[in-house]
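Keep the structure open as you read.

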Amino acid sequence: MLWGSLAMIASVLAFTILDTVNKILVETYSAFFLSWSRTATQVALMLLLAPLLGGTAMFRTKRPLLQVARGVMIAGVSICVTLSISHLPLTQTYVIGFLTPFLATVLAAFVLKERASVLQWVLISLAFAGVLIALRPGAPDAGWHLIYPLGFAVFNAVYFVLTRAGGQTDNAIAQLFYVGLFAMVTLSVSLPWHWEAPTWPHLGMIGFVGICGTLGHLLLITAFAYAPTAIVAPMVYFQIIWSSVIGYLVFDDVPLLTTWVGAVVIVACGVALIRTQAQARR
């Protein structure tokens, strides 16, 4: 369970780095092209490393339709988050995207029969309050563009639950390969309208984004294999910590005191969630 939580924390770090680079690239390329190139890089990396990842075991799945659904969901996640960061600040995208743990926990309760305790619901709510303290979100003058981070949260929640369900029958490597494959196939439909030839520097950045996405998904899949949704999903709150650090290092943004207060609340709630689950199992 501890490893599941740590894997999720590392996963959101990889995705935060990915979004930071994509926010630069989306000024030149379309969100659909960037989303496709990211998943295409993931598939290429998986095929290249297949001998080291178990060979043919990477292609074995007992639930192919579930893997197709996961691919469609992650295609939606990628498009929505890229469109969102092209119109909204990263922090605004994340604070709306942090609806994911609530939605994922509710879905898991009905679909996977994973029941969160009252205390766990309270801790999830307190962690979300910590996010609000850290970000002090005020809706920007973005109009209908706010639908993008909302779509990101919905697609991501469904993806979380499907990943947890798939982990019960398929290994992590197969899940990683198929989510990239079916997301790439889904996004390929848009290529005739959104294909753009990248410059060499941008090609390197696009490749780096693909590596971050592959690593992030592998860590995410590992997280759900080790721990239930109610414990793993709230760890996405650590994204505000990573975004604060990266924002300072890359953009010289100094986090406000409220950011650190919120971060303390988030970490405290995350640790408490781990402890309550451990005690329940004992």
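Which element gives the most to the lining of the second largest cavity? The answer is α2, with three residues. Helices are DSSP runs of H or I with at least four residues, numbered from the N terminus. A cavity is a set of points on a 1 Å grid over the protein atoms alone where a 1.4 Å probe fits but cannot get out, and lining residues have an atom within 4 Å of a point.

This is a predicted model, where local features need pLDDT of at least 70, side-chain atom pairs count only at pLDDT 80 or more, and totals for chains, interfaces and linings use all residues. Residues are numbered from 1 along each chain as its sequence is written, and side-chain values use heavy atoms, with hydrogens and water left out.

The second largest cavity holds about 30 Å³ of space. Its lining is Arg38, Thr39, Gln42, Ile74, Ser78, Val179, Gly180 and His217. Two or more of these residues come from each of α2, α3 and α8.

Now turn to the largest cavity. It holds about 250 Å³. Among its 21 lining residues, Phe15, Val77, Phe152, Asn156 and Gln239 are the closest to its centre. α1 (2-25) gives the largest share of this lining, five residues.

A polar atom of its side chain lies 2.7 Å from the backbone oxygen of leucine 187.

Technical notes
Polar contact = N/O pair within 3.5 Å; in protein donor to acceptor, adjacent residues only side chain to side chain. 1 Å grid on protein atoms, 1.4 Å probe; cavity = no way out; pocket = protein on both sides within 12 Å on 5 of 7 lines; lining within 4 Å. Points joined across faces, edges and corners; volume = space filled by probe spheres on them.
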